[in-house]
Every structure is written in structure tokens, then in C-alpha cells.
Amino acid sequence: MERKRRMLRRAVGCLLATALALALAGQSAVDRDAATVEGRPGAVKLSGYYDPARGFLEATARLRFTGQAAERPLWLANELRLKSVSGGAMTQPPFSSESGVFLVECPAGGELVLDYGGRLSPGLQALPAEPVGKKGADDCRILSHVMDYYPHPQGDFMAMDVTIRVPDGWSCLGSGMQRSVVNGSGYDEYSFSHPLCKGMTLVFGRFRPLGLLAGEIPLRLYGWKGLDLRTYYSEADMAGNAGFYSGRFGPLPVPELTILFRRGEGFRGVSYSGLLVLNVDRGRKGIDPFDRETALETSLLAMVDPATDLLAHEMAHQWWGGVVSWKECGDTWITEGLATYSSLLYLRQRSGEKAYQKVCQRLRDGLERYAGMGVPAGGAKLKVLFRDPGVYQALAYVKPALMLAELADARGEDEVCRRLRSVLESRRGRSLSGGEFLDLLAAGDPVMRRWMDEWIFAKTMPPYPDKKN
Ligand SMILES: [Zn+2]
């Protein structure tokens, strides 16, 4: 039992450590009229009230599991107290748990009903709270699934429904699909659902709709009053980026995407399945893209410009993170490496071969400084082991991306994309280990598989063995 608890604690630490820029999951495209979680195997249904101003949450979670009756670990933020459990027996009460994990005996095919509530400290927000603007327009609160704002079995993809009431004056966006907004007396009630995700996230603020961009994947844009998006993005770029990935990687689990633009310090963002939250720099004119600490603005990952790099990276997480995800801490290179490679693909299409080659060379030069310090399979632990964030960026983001660029040089970009797409198609809604991912990518080619092992599990960067084969 002690060993089990230690494992759980480690997993929780890992999950929190990778809060930024991760995403969720899904199965084939669904329509708004599809059934909700009723009748689906493995589901979370959440219903509650949240006051963003006080950080106060009160909710009921209904969990249904497939398979046999079993004792299962469930995660819930320390700040939240479990009030009652029905439909199952709690074998380890949360009152003694500092890790935020408790164990519940779950019945086979039955429903576990958990009432809980409390205040969530802002420090756990996936993005740091911005200073409140003069009119409070940017005062944006996030209930991210990595904050464990509802009890859940970590790592599993499940169907999910969320219904949340918020006091008048707040707007709410959620991952998945918005199903309804009901105006009540003193509150508004928002409902969201997702057919198969690793968790759902809610964002609260005082933002307004900016419009709908038509395209392969329609984009619903939100932001603060008076935002002129064209300062940062062209409509063609936004719709083009989503359409480009869709053409390369196939359908998403959601029929459209929501993008919320926030005023922030620097360009940074986070991607949840169906919802992107992008910070655009409030003082853009003076920005030096190479003089920022955030991942996408350092010279190591810079490709086009900070705004475009941010969009291309977070949009790619809709597939790499949203359709398939990583299993353990050491596997985060899958989603970060693939989001980086996807950005390279987009750059090549958008800016041409010369720009693509130039950026690949710069990434190679940047990687060489760090290649001897670890391996991509070190995953999120690299962030803890090294103070320099460049190590994690170089090894988990850049190195897997350059491996695929090298493979594309040898076998052609179309073949690499075909292989990537088949990984997505065969494992929709699954969390993969690094080894599993490489097995699927190599698809039975032992030479390719061994070569990829060296890039991911060793400190070397060998050229592809037979460029003509
Ligand atoms: Zn990322």
C-alpha cells in the first residue's frame, strides 16, 4: 500500500509539473445533438456552482467506470473537501491525505456520486493570474483539469459532461463543446460536453465573442472589448493553420474550436481539447522575441514570430495531446515534440523551403548545446533536474521534432505525415508510452525503430541509415 501511495504521489507531482501547454483527447467527430454521457462506458458528469471572484466551488461528480469492481485512486485538489460518497465505499479517507489522492471501492457498472466543495487557491491556476486591468477586463480564472477541481481517475480518457452555474456578470468557456447557456435569476448556467477526453477545463472572465472564422474547422474567437486581433494574427493564418493540421492529421473529436485571447506578459498559451487560451503581449511593439523566458519566445523554439509560433504550437496540441496523449512523465516528449514538428510542417507550407531549412538549422544548432545533458525520454523530469528551461525545450521539444525532420528528408514528408496520421487513427483517445508511440510510428520496420531509439533514448542524433530506402 505504501508503495502504491508513493507511486500516486509521484504521478500527481508529474501531472502538476506539466500543467502548461498540455491538452486532452477525443474520438471521431461528433455533432451537437449526440447523446451526452448517459449510457457511455467510463464517464464523468459534473454539476455545480462556481464563484470566480471568491474561488468558491460546490459540486457533485458522478463517475461511472467500465470493467470489474475495483479499488481506484481518485484525485481531488487538497483545498476541496469531499462531503459525501455514495454508490461505493471510501477505503482511504481524504482527510488524512496531503497528496490529494484518495481510494474508493468502485462498483462494477454502477455510479459513484461524490459531493464536494471548497475554495481553490489562485496559485494552482494553469496560467498565472494577470494583474487585474483598470476595468478588470483580463481578470480571467481557469479551472483546469490539472488542478483536480473534480474527482477523477488520472490519465484515463473518458466521456464528460459539465454543467456549471456562475454569478451574473461572468462569462464561461469550456473545453469540449458548449451545449447550452441558460440565464437564471442571479446566475447563468453553462453546459459543455466532450465525447472522450483526459479532462475538461473551464475558463471564467469578462470576455466577449469576437466572431466566427469559417474553415475546415470553424474557430470561435473571444477576447477583451476593443481587441483588434489583426494586430497579432491574420484571419487567413488562423483558419489556415487549423485547416492545414486537419488535412495532415485528420479529424478532431470536436466539430469546432474556441480560442480565447487574453492580454498578458509575453506570448504564452495553453491548449485543452476544443479550447485554446492564448496570451497576446500587451506591449508588443517593444518586444524582443529572444529576450523572454517563456518557452515559445526563446531563440531555441522561435520559428516565425512569437504570435504565430504560439498559435501553431498550441493548435497542434489539439491533435498531439487532444487526440492521443502521453502516459507517464517521461513520455511528454510525444506531445511537445509533435507540436514542435507540426509547427515546422506549417512553417514549411506557410513560408517556404528556405525558411524551413533555416529554422531546422537553427534548431539543430540550439540542440547541440544541450544534447549531451539528457534524452527526450527524461520527459517532464528534465524541468526539475535542470534549472535552465532550455534543457527541457531542447530535448523534449526540439530533438523529437528534428528526428522527424531527418526522417522526412530521407523518406519524404508525405510518408512521415501518413505514419503520424495512422498513429492518431489507431490510438484515438489513448495515452501512449514513448515505446508504444515509436512502435506505431515505425510500423514494423526494425531499422527505423532502432534508429528512433537512438534519438529518443540515447544522447545521439544519427543520420537516417538508408536515405534512399
Ligand atoms: Zn506544448
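Predicted model: local features only at pLDDT ≥ 70, side-chain atom pairs only at ≥ 80, totals over all residues.
1. Overall make-up. The chain contains 10 helices and 20 strands. Of its 469 residues, 48% count as buried. Among contacts with a separation of 6 or more, 69% join residues 24 or more positions apart.

2. Helix 2 against helix 3. The axes of helix 2 (residues 235-249) and helix 3 (residues 306-316) come within 10 Å, crossing at roughly 35 degrees. This crossing of helix 2 and helix 3 is right-handed. Helix 2 contributes Asp237, Met238, Asn241, Ala242 and Tyr245 to the contact, and helix 3 contributes Thr308, Leu311, Ala312, Met315 and Ala316.

3. Length of helix 5. Helix 5 (residues 353-368) has 16 residues, which at 1.5 Å a residue should span 22 Å; the end C-alpha atoms are 23 Å apart, in agreement with that expectation.

4. The buried residues in helix 5 are Tyr356, Val359, Cys360, Leu363, Gly366 and Leu367. These residues lie on the same side of helix 5 because they cover an arc of only 125 degrees around the axis. An α-helix has 3.6 residues a turn, so residues three or four places apart point the same way. On the other side of helix 5, the exposed residues are Lys354, Gln357, Gln361, Asp365 and Glu368.

Note on methods:
Residues numbered from 1 in each chain as written. Axes fitted to C-alpha atoms, helices over the stretch in contact; angles between N-to-C directions. Helix = DSSP H or I, 4+ residues; strand = E, 2+ residues; numbered from the N terminus. Left-handed = near helix turned anticlockwise from the far one by under 90°. Contact = placed C-beta atoms within 7 Å. Expected span 1.5 Å × (residues − 1). Buried ≥ 20, exposed ≤ 12 C-beta atoms within 10 Å, placed from the backbone. Arc of directions from axis to C-beta.
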